[in-house]
Amino acid sequence: MILHFRISLITLFLTAPLAAQSAPPCAQHDMKCPAPPVIDASPVGAPVPPPSDAVVLFDGKSLAEWRKGDGSPAQWLVKNGYMEVAPGKGGIQTAKSFGDVQLHVEWASPNPPKGTGQDRGNSGVFLMGRYEVQVLDSYGNSTYPDGQAAALYGQFPPLVNASRKPGEWQSYDIVFRRPRFDPSGALLSPATFTVFHNGVLVQDAVGLTGVTAHTGRPPYEAHPDRLPISLQDHQHPVRFRNIWLRELER
Ligand code: MG
C-alpha cells in the first residue's frame, strides 16, 4: 500500500507538466537580489513581419489602433516608421481588447541615454492594462532586478539581461495567458508569461502573484476576459515599432 502510494506520487511527478513558476525570488525591489547575467543577444535584425493571422497594432504609419485612457485619440509622435512616447501626454492603449495572445513588440531606448536606474528609458507593455513587462534601458544601467528590462515588474527579474545598446531596436515576443476566475471572482489560475527578449528566453511560463505594481504585490481582482493592451508614458521618449499579435483564444 505504502509502496503503491510512493510509486503513484513518483508517476505523478514525472508525468505532470512543468508547473508555472509562481513565487518571486526576492522581496520587491531588493537591490541585493542577484542581477541576471548579462549576455550578448544577436545583432539587430530587420523588423519581424507579421504572420497572416496577426492583428497588426502598429505598422509604422498610424496610431489608428491606439487611444488614450479616456478613449480620445492617442497623441504620441509618429515618424520614420516608429512611434515615440510624448512625455506627459499619457499612456496609450489598444482600441480593441484581447485575452490570451502571442505579442510581438519592438522598442528602442533614447540615445544618447539620460538618467540612471528607473529614470532611464522607462516605459512598459501592459497586458490587459495591468500586467507589465518592463521596458527600460538596462544596457550598463543597474536597478533592482525586478524592475529591469524584461522583468515582470516588481515580481520576476528576467533570466538573463539580453539588452542591446540605447538607440538599437530590441524585441519582445510574449506569450500571455490571462488569469481565469470562477463566477464568484475567485482565482482559478494566474496570469502567465513566457517572454523572449531579442530572441532569448527571459521569462519561462511564469505565473504572476497578481497585478504588477510599484508598491507591493496586490492580489488578483476579477476582471473581464478581454481588455486593452497599454504602453506606458514614464516621461521618457522611448520608441516602438512593428507591434502585432496573434489571438490565442478564437
Ligand atoms: Mg515601466
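Colleague: What makes the five strands an open sheet, and in which order do they stand?

Modeller: The order is β2-β5-β14-β7-β8, with antiparallel pairing. Strands are DSSP runs of E with at least two residues, numbered from the N terminus, and two of them pair if DSSP finds at least two bridges between them. β2 (66-68) and β8 (131-135) stand at the edges with a single partner strand each, so one side of each has no neighbour in the sheet. This is a predicted model, in which local features need pLDDT of at least 70 and side-chain atom pairs count only at pLDDT 80 or more, whereas totals for chains, interfaces and linings use all residues. Residues are numbered from 1 along each chain as its sequence is written, and side-chain values use heavy atoms, without hydrogens and water.

Colleague: How do you know that β2 and β5 pair?

Modeller: Three bridges join β2 to β5 (residues 92-94) in the antiparallel sense; at least two are required, so the two strands pair. Within this pairing, Lys68 stands opposite Ile92 of β5.

Colleague: Why is the contact between Glu65 and Lys96 called a salt bridge?

Modeller: A salt bridge requires a side-chain nitrogen of Lys or Arg within 4 Å of a carboxyl oxygen of Asp or Glu. The closest N and O atoms of Glu65 and Lys96 are 3.0 Å apart, so the pair meets the definition. Glu65 lies in the loop between β1 (55-58) and β2, and Lys96 in the loop between β5 and β6 (101-108); the pair links distant parts of the chain, 31 residues apart. The whole structure has 12 salt bridges.

Colleague: How much confidence does the predictor place in the protein?

Modeller: The mean pLDDT, a confidence given for each residue from 0 to 100, is 93, and 92% of residues reach 70 or more. Over residues 1-19, however, pLDDT stays under 50.

Note on methods: Helices (H or I, at least four residues) and strands (E, at least two) are DSSP runs, numbered from the N terminus. Contact means heavy atoms within 4.5 Å.
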